[in-house]
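Dear colleague,

Please find the structure below, together with its sequence. A short account of the findings follows it.

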Amino acid sequence: MQILRCAIKAFAEKGILNTTHADVSKLAGVASPTVFHYFPTIEGLQAEVVKEVRRFLLEGFVLSRSDKASSASERIEDMLHSFRKAVDTSPDEVTIWLEWSGMTRGFLWELYLEFYRDTVAALRSLILEGRRDNSVSQRIDASDGARVVLSMAHAIAHMRFSGSSPKTVKKTVHSLVSIYIAP
């Protein structure tokens, strides 16, 4: 939906709490009442934007690697490298995610906690699979490891947005996986 894509762009530019229906309508090239028709409240618009960011991240990076043929540690490294590329190709979604993850109150925080729990659960399953296929260290607590992998995505985004080269980020990701994740 064009309005949702424009909302994502507006939220990335102005912030989740600062964007208005008028900002979205301007980017979409439609009248404000059109945006209100699809999203009657700003909270509804915010919720739909973060749900789309959730889908982009959880389905695009985590769940899409749940049944590939490679080892779990290789899939984790691939996931993080793909995310590194997404910081450059889809910076709006990543920018919104970074802001969203820092909101610690209200309904948006509740939506983030749901995303966080679901992502950690999916990563935990992948780590447990890696422990079974011996591509993940037996010493790693699966829940702790899942949280570390998710936090690595934050580090990747910060590194790229602050000017670290793709090569530097790739090296950092490889170091994390080979030293912390792999046996």
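This is a predicted model: local features need pLDDT of at least 70, side-chain atom pairs count only at pLDDT 80 or more; totals for chains, interfaces and linings use all residues.

Glu48 forms a salt bridge with Lys51, with 3.8 Å between the closest N and O atoms. Both residues belong to helix H4 (residues 42–62), where they are three residues apart, about one turn of the helix. Lys51 is also partly exposed, at 43% relative accessibility.

The count of salt bridges comes to 11. Among them is the one between Arg160 and Asp88, whose closest N and O atoms are 2.8 Å apart. This pair links distant parts of the chain, 72 residues apart: Arg160 lies in helix H8 (residues 142–161) and Asp88 in helix H5 (residues 72–89). Arg160 counts as buried at 17% relative accessibility, whereas Asp88 is partly exposed at 39%.

Turning to the aromatic rings, the whole structure holds eight aromatic pairs. One of them, Phe56 with Phe61, is edge-to-face, with 5.5 Å centre to centre and 80° between the planes. Phe56 and Phe61 are both buried. Tyr112 and Phe115 form a tilted pair, with 50° between the planes. These two residues are three apart in helix H7 (residues 106–132), so about one helical turn separates them. Ring pairs also join Tyr112 and Phe115 with Trp100, Trp109 and Tyr116 in a cluster.

With kind regards

Terms used: Residues are numbered from 1 along each chain as its sequence is written. Side-chain values use heavy atoms; hydrogens and water are left out. Rings of Phe, Tyr and Trp (its six-membered ring) pair if their centres lie within 6.5 Å; planes under 30 degrees apart count as stacked, over 60 as edge-to-face and the rest as tilted. Buried means under 20% relative accessible area, exposed over 50%, partly exposed in between (1.4 Å probe, protein chains only). Helices (H or I, at least four residues) and strands (E, at least two) are DSSP runs, numbered from the N terminus. A salt bridge is a side-chain nitrogen of Lys or Arg within 4 Å of a carboxyl oxygen of Asp or Glu.
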